[in-house]
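Please look over the structure shown below with this note beside you.

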Amino acid sequence: MNRTLAGSKLFLLAMAMLLALSAAGWAGGQKETGPVTLTVWDVYDQEGMHKVLEAVIAQFEREHPNVKVEETARNLDTDKAATMAALNAGAGPDVMTVNNGETMMGPMVRAKYVVDLGPYSAKYGWEKNFLSPSLWDRAKYTPDGKVFGTGNLYGVPAFGELVGVYYNRDIFDRLSLKVPQTVPELEQAAEKLKAAGITPIAYGAAEVWPFFQIWADILAATMADKIGGDTTQKWMSDVVIIGDPKRSFKDPGVLEAAQTIRRWADRDYFFKGFTGIIIDDAMNLFVAGKAGMFLQGSWYCSAVAGADFRAGMFAFPPMKKETGMVPQVGGMNTPMGININSKKKDLAAEFLNTLLSAPEAHKLEGEIFVLPPAVPADLSIAQQGTVFYDMLVQWSDMNAKNRVGQYFDWTTPTMGDEPAGQELLSGRISPEQFVEKMQTNYYSWVSSKK
Amino acid sequence: MNNGSGTKDHRRTYSPLNDIGGALTPYLYVAPTVLVILVFLIYPMASVFWYSLTRWSGLGLKEFIGFGNYATMLADPIFWTSFKTNITYVLFFSLLPTVVGLLLASVVGRSRIPGERYFRAILLTPQVIASVAMGVIFRWIFSPGFGVLDGFFNIVGLEGWQKPWLGDSTLAPIAVGTIGTWLWLGFVVIVFVAGIQKIDPALYDAGNLDGASGWQELVFITLPQLRAELVVVLVVTLIRAFGSGVFGIVAAVTDGRYNTMPLALYAYRVAFVHNRMGYGSAVTVFLIVLILLLSGLTFRFGQRGRR
């Protein structure tokens, strides 16, 4: 028995040594000889966007023959957790996702983990040549990380984003419907669709974020009707980006927007049982021809373009034609920034430049129907009369007229979980109570920040 | 130790390697397990407790604030709503399967059923499905657009019963609860049937002689004999109702919307989405203590009455 004892002790000793050696080997093996590696952690796990990223990487590697790009795509939540853990350990990728506002950018800036991209933007002309000034503000923070929407630039997007009204051209033609130019016209179209047995607007309220998109477009129309488009644009960025405590959800137009969307729900403009439908399923139902319109984002464009019917998109209309274009929900796709721990910051900045400007990637956008960050959009990558063409036109318009709206779930850290919208639509609370809840959520955040 | 050779000092006849450790030998053998427990259990738990005493976004520096997070927690209405929702889940994941499972087991447990093995496999099938997959499947089942449930009501002419199951604050927690009942009922039945089959038939014969009814048999003979099984079933289902099982299911089926948010998911959101790692840790510590308490009480209950 003692021989076995000795044998097993030897075994234990050997295992311990093996473990120690492999740990040392793993640690030591990290240093490379030869080509330089640039690590990129992104959230383009969707096939279409990832294809564009691959084209960007291919061009970058062509232009930098001694550089190899090591890229990892994950979904937003997983990428955030991985990035946070890595940053706390003093490690992480060279190029990382820096999602706008308090989701990631604010905490990262305050912890001093991101590089100020201002000098690179000046060198490469990013702010001059891409997007519009109000859009760039959404990737800025003051250096102390206390104020969002101004100060240093910390992120650069690969794609643009917008929310518009997709519509089924075939159904519209069949019912002799014209593209609505005002909200009353939109409601008339909805009534005609309903009478023909077709669900007017594809929408599902099982999740919180789609509510803020459809409601924000309605809000833009009702508010601009009272105070004009420019002031509405300012109100929205004051609330969502700056967090100005002088602004309030009790300001004119907000209650009307809540009443309007509630009216749409009560009039059955949405699917039966829509409170239990997720937005992906609402999209699938629209693509299957079960609804006339679909008020959602550019990220669904390739799905809609793949439908059996001719699709189109129009901007959400104002209450009255004279008001002109109202703010349309939109912005930039999840921006990328540079890790303060990176030893190749200049190289990382060159990668970001390629991300913004790569022509091969740009051409691909026309095949995958992803919005480019460039404005005005290059219409030659799309065919007239298609939904992607309509989307590019709306994108250019929004930027040119300074009407890029806001994602209201950015307003406070808990707004993405705020159930008031779902409670409003399912009839649990009144529009007045909705306004009250939104203001409570807003005010408790903005007053605690100062 | 008797090795038959008659020598008293064993050490001289064996390898010098035997000298390694000596009196420490037993500790060397448990060392790997202890190490794993320390690294993967004790250290994380201690860390979470430490984080719960700080204000921390998850990045950068932590600010020590004592028990401030716990005060916030007690004053947080969403915390209390989640707690209440979790109690609903305890009802559906733990208590309901236990009671129904016991009744079912008492009916079928005493006799030998043909094809018992296959029934066992079928009853345990829900256990092998990943909780996220389960959540997605049930989201489809409950979907108003093309769900199986509403579709069924349509076919049998009960259109009035069609509801947005997951889109209503009263119905959604119940709908999610039924997923838990479906998940655990089979497991509970199997554990209780195994327990019943261990019971000495002589006890039931004695009961028959005394004229005991079926109900009296269940309460006075079956139930006391199933104390150990009851403890197992309660502890396992209680932990799942608060922890890992319910988290995966809810995250996939409703993401906590319409009043379905359990505490574990709330802790995750607060920590990783709202960037309040300190507060999220406090909720987590509360959960850990609660589960330990409930498990401990259940075990104590199991010990009582043991002769």
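1. A word on the model and its labels. This is a predicted model, in which local features need pLDDT of at least 70 and side-chain atom pairs count only at pLDDT 80 or more, while totals for chains, interfaces and linings use all residues. Residues are numbered from 1 along each chain as its sequence is written, and chains are lettered from A and ligands numbered from 1 in the order in which they are written.

2. Domains of chain A. Chain A is split into domain 1 (36–155 + 334–370) and domain 2 (161–331 + 387–449), where the bounds come from an automatic or database domain assignment. Between the C-alpha centres of domain 1 of chain A and domain 2 of chain A there is a separation of 29 Å. Where they touch, 14 residues of domain 1 of chain A are in contact with 13 residues of domain 2 of chain A, contact being defined as C-beta atoms, placed from the backbone, within 7 Å. On the side belonging to domain 1 of chain A, the touching residues comprise five nonpolar, six polar and three charged (Ala, Val, Leu, Ile, Met, Phe, Trp, Tyr, Cys and Pro count as nonpolar, Asp, Glu, Lys and Arg as charged, and the others, Gly among them, as polar).

3. Domains of chain B. For chain B the assignment gives domain 1 (1–37) and domain 2 (68–303), and the C-alpha centres of these two domains of chain B lie 48 Å apart.

4. A helix pair in chain A. Helices here are DSSP runs (H or I, at least four residues), and strands are runs of E of at least two, numbered from the N terminus. Helix α10 (residues 209–227) of chain A and helix α12 (residues 254–266) of chain A have axes that come within 8 Å and cross at roughly 125°; axes are lines fitted to C-alpha atoms, for helices over the stretch in contact, and angles run from 0 to 180 degrees between N-to-C directions. That angle makes α10(A) oblique to α12(A), since angles under 35 degrees count as roughly parallel, over 145 as roughly antiparallel, 65 to 115 as roughly perpendicular and the rest as oblique. Residues of α10(A) that meet α12(A) include Trp215(A) and Leu219(A), and on the α12(A) side Ala257(A) and Ile261(A) are among them. By class, this contact of α10(A) with α12(A) holds seven nonpolar, two polar and one charged residues.

5. A helix pair in chain B. Helix α3 (residues 77–108) of chain B packs against helix α10 (residues 227–242) of chain B at an angle of about 150°, with the axes 9 Å apart, and α3(B) and α10(B) are therefore roughly antiparallel. Among the residues that meet are Tyr89(B) and Phe93(B) from α3(B), and Leu234(B) and Phe242(B) from α10(B). The contact of α3(B) with α10(B) is made up of nine nonpolar, four polar and one charged residues.

6. Met283(A). Is this residue buried or exposed? Met283(A), which lies in helix α13 (residues 279–287) of chain A, counts as buried because it has 24 C-beta neighbours inside 10 Å (20 or more other C-beta atoms within 10 Å make a residue buried, 12 or fewer exposed, and numbers in between partly exposed, with C-beta atoms placed from the backbone). Leaving out residues up to four places away in sequence, Met283(A) touches Ala202(A), Phe294(A), Gln296(A), Tyr300(A) and Ala303(A).

7. Asn75(A). Asn75(A) sits in the loop between β2 (67–73) and α3 (76–88) of chain A, and is exposed, with 10 other C-beta atoms within 10 Å. Apart from neighbours within four places in sequence, Asn75(A) is in contact with Val43(A) and Asp45(A).

Key: Two residues are in contact if their C-beta atoms, placed from the backbone, lie within 7 Å.
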